Amino acid sequence: MNNETKLMSVRDAIIMAMSEEMRSDENVFLMGEDVGIFGGDFGTSVGMLEEFGAERIRDTPISENAISGCAIGAAMTGMRPIVDVTFMDFVVYMMDNIVNQAAKTRYMFGGKGQVPVVFRCAAGSGVGSAAQHSQSLESWFCHIPGLKVVAPGTPADVKGLLKASIRDNNPVIFIEYKAQYNMKGEVPLDPDFVLPLGKADLKREGKDVTVITYGRMLDRVLQAADQVRDTEGVSVEVVDLRTLIPLDKETVLNSVKKTGRVLLVNDAHKTNGFIGEVSAIISESEAFDYLDGPILRLAAEDIPVPYNQALETAMIPSVERIKKYILKLVNNR
């Protein structure tokens with residue numbers, strides 16, 4: 001196994017993951033608006049047209065309904081399409097195909113009809129895209145049996161989980177965060193580097209409080225954890241869910257039983273957000289008896305994402321707010 005790594009952005013990790021899978025499996029192809037000559041609206045397919053050609057890097061018309069229908073049909077006949085949805089907000093035009101067709105097919109045909117398709121969705125705020133282009137809609141898909149939902153927060157995890165998603169025989173909603181496309185980290189160069197779906201990761205070990213998060217908020221949670229450690233001596237355990245469906249309940253519950261205090265953080269809206277489901281799972285489990293205080297949630301405000309930069313920044317959990325909530329739990333205030 002090659003243990004060599006390279007410092008690269010989330011954007012480059014996405015290109016590497018897709019290119020490696022396309023080299024190893026001729027049934028894998030990429031489709032979406034502007035994925036070819038333009039290299040993707042967020043630059044996530046730059047250079048791929050030159051290597052793989054227009055048959056496998058397929059520019060599509062501006063019709064999300066047609067894109068999703070073609071992708072699901074191709075997947076049902078043995079191909080492994082990757083769909084660049086661009087803004088996650090555009091999945092509203094794909095919902096019937098994803099929810100009523102892709103998610104149901106394997107069940108309705110007794111496991112004989114597989115739908116190995118990945119929908120790559122650029123989610124979240126932070127780049128001034130305003131209310132119609134800045135949403136995090138993962139909770140919609142977590143409610144639908146038959147779909148898998150993946151939300152990595154580091155470049156390495158993006159590569160390993162995207163490769164696993166492409167290889168999976170089920171439809172996968174793969175969430176990328178627009179504000180993190182330029183974020184850099186060490187990424188394994190080994191083409192066999194794949195991370196399993198359904199396995200959370202302890203990004204920090206601690207004993208005083210557990211913070212559970214995923215995606216874009218992971219970086220802010222890690223910053224907050226380091227700062228309260230250095231200034232207050234608080235030991236924070238950080239659980240990165242990475243995969244929302246299937247959810248690694250064992251890692252979550254073991255951490256809760258270890259620390260007795262829980263903070264849940266995401267950048268989606270608080271009301272009916274996915275972290276509310278995680279809170280319910282904890283409350284209904286044996287881990288509830290280990291709690292030394294209430295489970296706290298910290299999420300985006302329940303408003304459309306503002307275009308104004310100051311307001312956009314204010315509605316999303318900041319490092320300072322995460323620190324405040326951690327200390328509130330530890331100090332029982």
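Mentor: The radius of gyration is taken over C-alpha atoms, and the globule rule is 2.2 Å times the number of residues to the power 0.38. This is a predicted model: local features need pLDDT of at least 70, side-chain atom pairs count only at pLDDT 80 or more, and totals for chains, interfaces and linings use all residues. Residues are numbered from 1 along each chain as its sequence is written, and side-chain values use heavy atoms, with hydrogens and water left out.

Trainee: What makes the radius of gyration of the protein chain agree with a compact globule?

Mentor: For 333 residues the rule gives a radius near 20 Å, and the protein chain has 20 Å, so the two agree. The C-alpha trace spans about 60 × 45 × 40 Å along its principal axes.

Trainee: Why does leucine 218 count as buried?

Mentor: Buried means under 20% relative accessible area, exposed over 50%, partly exposed in between (1.4 Å probe, protein chains only). Leucine 218 has 1% relative accessibility, therefore it counts as buried. Of the 333 residues of the protein chain, 58% count as buried.

Trainee: Which residues does leucine 218 touch, not counting those up to four places away in sequence?

Mentor: Contact means heavy atoms within 4.5 Å. On that basis leucine 218 touches Gly153, Thr154, Lys203, Thr213, Val238 and Asp240. In the protein chain, 83% of the contacts with a separation of 6 or more join residues 24 or more positions apart.

Trainee: Where in the secondary structure is leucine 218?

Mentor: Leucine 218 lies in helix α7, residues 217–232. Helices (H or I, at least four residues) and strands (E, at least two) are DSSP runs, numbered from the N terminus. The protein chain has eleven helices and 14 strands.
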